[in-house]
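Work through the exercises below with the structure open. Each task is followed by a solution in steps.

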Amino acid sequence: ESLPAEPTRHQTCAIYNGQVSPIVGFGIKGMIWYQGESNTHKRPEHYEDLFVAFIHSLREVWGQGCWPVYFAQLAPYFYTDGSDCYTLREAQEKASTQIENCGMAVLLDVGDSVTIHPPYKKEVGQRLAYQALNKTYGLHHLPCESPTFQSMERKGSYLIVHFNNAPLGIMIYGPVRDLLVAGVDGVYYNAKAQWTKEGLKVWS
C-alpha cells in the first residue's frame with residue numbers, strides 16, 4: 001500500500017511488489033537466497049534483525065508452514081568504498097542461528113577479490129545443495145556445515161582455537177591471512193596460525 005506514484009527499483013516496497021507479491025500463494029518447497037553486495041554499505045549492523053524479520057514475514061504471507069531457507073554467505077571481494085563485509089558476514093552467521101529450518105553455505109574460499117560476481121558458481125550451488133539434501137531430504141550422511149568457532153584456550157604465548165564441524169581438522173593452504181588478536185587493551189595485532197593436533201594454534 002505504501003508504493004509511491006513513481007517508485008524506483010531500489011525502494012523496499014517496489015522490490016516486494018515487483019518481485020515477491022506476484023508469486024505469493026504458489027506452492028513452495030523452500031527458498032535459496034543469494035545475498036547481494038549492496039547491504040555492505042547500507043546498515044550492515046541492522047542486517048541480522050532485518051534478515052530474520054524478512055524470512056519470518058515471507059513464511060507468514062505464504063501461509064504454508066516453516067519451509068526451509070538456505071542462503072549464501074557474502075563472497076569475498078576487495079571493496080574500495082569502505083563497505084563493511086565483515087560485519088555483514090557476522091550478521092549472516094548470527095541470523096542463521098535465529099531462523100528455524102535454515103542453513104548457510106560458507107563462501108569465504110570461493111570468492112574473487114577483483115570480481116564482485118565470483119566465477120565459482122558450481123561450488124556455491126553444490127554447498128547449497130548439500131544443505132538441502134542433508135536437512136530437507138534426509139541425507140544426513142552428507143556433511144553440509146562449515147567449521148564454526150567452539151572455544152579458545154591460552155597456552156603460554158599462544159592460543160588454541162577449537163572448532164565445531166571439523167572432526168578431521170582444517171586444511172590450510174598457504175599462510176593464514178587477515179587474522180588478528182588483541183589483549184585486554186583491545187589493541188589488535190596481525191597474527192600467525194597453523195593447524196596442530198590440539199586445534200588451530202595462533203600467536204603474534
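The model is predicted.

**Exercise 1.** Find the helix that holds Tyr130, and classify the residue as buried, partly exposed or exposed.

Solution. Tyr130 belongs to helix α4, residues 121-135. Its relative accessibility is 34%. Buried requires under 20% and exposed over 50%, so Tyr130 is partly exposed. Together with Leu133, Tyr137 and Leu139, Tyr130 makes a nonpolar surface patch of about 350 Å².

**Exercise 2.** Classify the ring pair of Phe51 and Phe54.

Solution. A pair of aromatic rings is described by the distance of the centres and the angle of the planes. Phe51 is buried at 3% relative accessibility, whereas Phe54, at 23%, is partly exposed.

**Exercise 3.** Do likewise for Trp62 and Trp67.

Solution. Their ring centres lie 6.0 Å apart. The planes meet at 80 degrees, so the pair is edge-to-face. Trp62 and Trp67 are both buried. The charged end of Arg59 sits over the ring of Trp67, 5.9 Å from the ring centre.

**Exercise 4.** Which residues do ring pairs link into a cluster, and how many aromatic pairs are there?

Solution. The cluster consists of Trp33, Tyr47, Phe51, Phe54 and Phe71. The count of aromatic pairs is seven.

Definitions and conventions
Residues are numbered from 1 along each chain as its sequence is written. This is a predicted model: local features need pLDDT of at least 70, side-chain atom pairs count only at pLDDT 80 or more; totals for chains, interfaces and linings use all residues. Side-chain values use heavy atoms; hydrogens and water are left out. Patches are made of residues with over 30% relative accessible area and no salt bridge: like charges are joined within 9 Å, nonpolar side chains (Val, Leu, Ile, Met, Phe, Trp, Tyr) within 5 Å. Accessible areas come from the Shrake-Rupley method with a 1.4 Å probe; for residues, only the protein chains shown count as cover. A salt bridge is a side-chain nitrogen of Lys or Arg within 4 Å of a carboxyl oxygen of Asp or Glu. Helices (H or I, at least four residues) and strands (E, at least two) are DSSP runs, numbered from the N terminus. Buried means under 20% relative accessible area, exposed over 50%, partly exposed in between (1.4 Å probe, protein chains only). Rings of Phe, Tyr and Trp (its six-membered ring) pair if their centres lie within 6.5 Å; planes under 30 degrees apart count as stacked, over 60 as edge-to-face and the rest as tilted. A charge sits over a ring if NZ of Lys or CZ of Arg is within 6 Å of the ring centre and within 35 degrees of the ring normal.
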